[in-house]
Amino acid sequence: MKNILVYCGASVGFDEIYKNTAVAAGKLLVEKNKTLVYGAGSVGIMGIIADAVLENGGEVIGVIPSFMEKFEVQHKGLTQIHIVETMHQRKQLMAEISDAVVALPGGWGTLDELFEILTWKQLGLHQMPVGLLNVNGFYDPLIEMIHKMVKEGFLKQTNLDMLMIDDNLESLINRMEQAEYPDFPVGKWVNKA
């Protein structure tokens with residue numbers, strides 16, 4: 001597990017804990033000899049984690065659609081940069097070059113990417129471990145909703161088990177490194193009754 005794809009916000013949030021978590025996450029990735037893969041942004045949590053990795057001697061691979069370059073959000077100091085045409089190509093390439101996925105706090109884009117990568121896993125399109133870093137209880141309402149989806153029969157427990165949840169990134173990465181994922185039984189999430 002070398003390349004870790006991190007989904008996170010293009011904003012920093014209102015609580016200093018989110019910025020501090022991004023800095024600590026960048027340092028930890030370098031300590032664990034991991035390469036950061038992310039959306040190539042220079043702003044928000046995205047920019048902070050990339051800067052922290054680079055400042056500590058680590059490597060960062062960014063993937064950004066060409067239309068976003070005009071917003072001047074592209075980080076200019078990355079180890080590698082891939083420029084693609086669409087958001088779909090961005091998500092596909094980031095997944096292809098990664099060995100694991102972690103979602104930090106973020107907004108629409110973070111949730112979109114997290115749910116898409118979980119859907120791909122459910123469909124058997126990849127076997128990467130997927131983690132959710134629940135900093136400061138940020139994802140508590142979402143976790144509650146996911147449990148309700150299981151309770152109401154829209155997800156099975158095996159779907160929920162595809163997502164590792166932790167409030168400590170080092171613990172989360174350690175669990176992800178030790179995880180063994182058998183092939184997910186494609187189609188088994190469908191209730192044919």
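This is a predicted model: local features need pLDDT of at least 70, side-chain atom pairs count only at pLDDT 80 or more; totals for chains, interfaces and linings use all residues.

Q: Where is Gln 74 found, and why is Gln 74 called buried?
A: Gln 74 lies in the loop between strand 3 and strand 4, where strands (E, at least two residues) and helices (H or I, at least four residues) are DSSP runs numbered from the N terminus. Buried means under 20% relative accessible area, exposed over 50%, and partly exposed in between, with a 1.4 Å probe and protein chains only. Gln 74 has 10% relative accessibility, and therefore counts as buried.

Q: What does Gln 74 touch, not counting residues up to four places away in sequence?
A: Contact means heavy atoms within 4.5 Å. By that criterion Gln 74 touches Ala 40, Ser 42, Ile 64, Glu 69, Ile 81 and Ile 83.

Q: What makes strand 4 an edge strand?
A: The open sheet has seven strands in the order 4-3-2-1-5-6-7, with parallel pairing. Strand 4 (80-84) and strand 7 (163-166) each pair on one side only, and these are the edge strands.

Q: How do helix 1 and helix 2 cross, and at what angle?
A: Axes are lines fitted to C-alpha atoms, for helices over the stretch in contact, and angles run from 0 to 180 degrees between N-to-C directions. The axes of helix 1 (residues 16-31) and helix 2 (residues 44-55) come within 7 Å and cross at roughly 35 degrees.

Q: Why is the crossing of helix 1 and helix 2 given its handedness?
A: A crossing is right-handed if the near helix is turned clockwise from the far one by less than a right angle, and left-handed if anticlockwise. Helix 1 passes helix 2 in a right-handed crossing.

Q: What makes a set of residues a nonpolar core?
A: The set must consist of buried Ala, Val, Leu, Ile, Met, Phe, Trp, Tyr and Cys residues joined through side-chain atoms within 4.5 Å. The largest such core has 32 residues, of which Leu 36, Ile 49, Val 102, Leu 104 and Leu 169 touch the most other members. Helix 2 gives the largest share of this core, six residues.

How values were computed. Residues are numbered from 1 along each chain as its sequence is written. Side-chain values use heavy atoms; hydrogens and water are left out. Two strands pair if DSSP finds at least two bridges between them.
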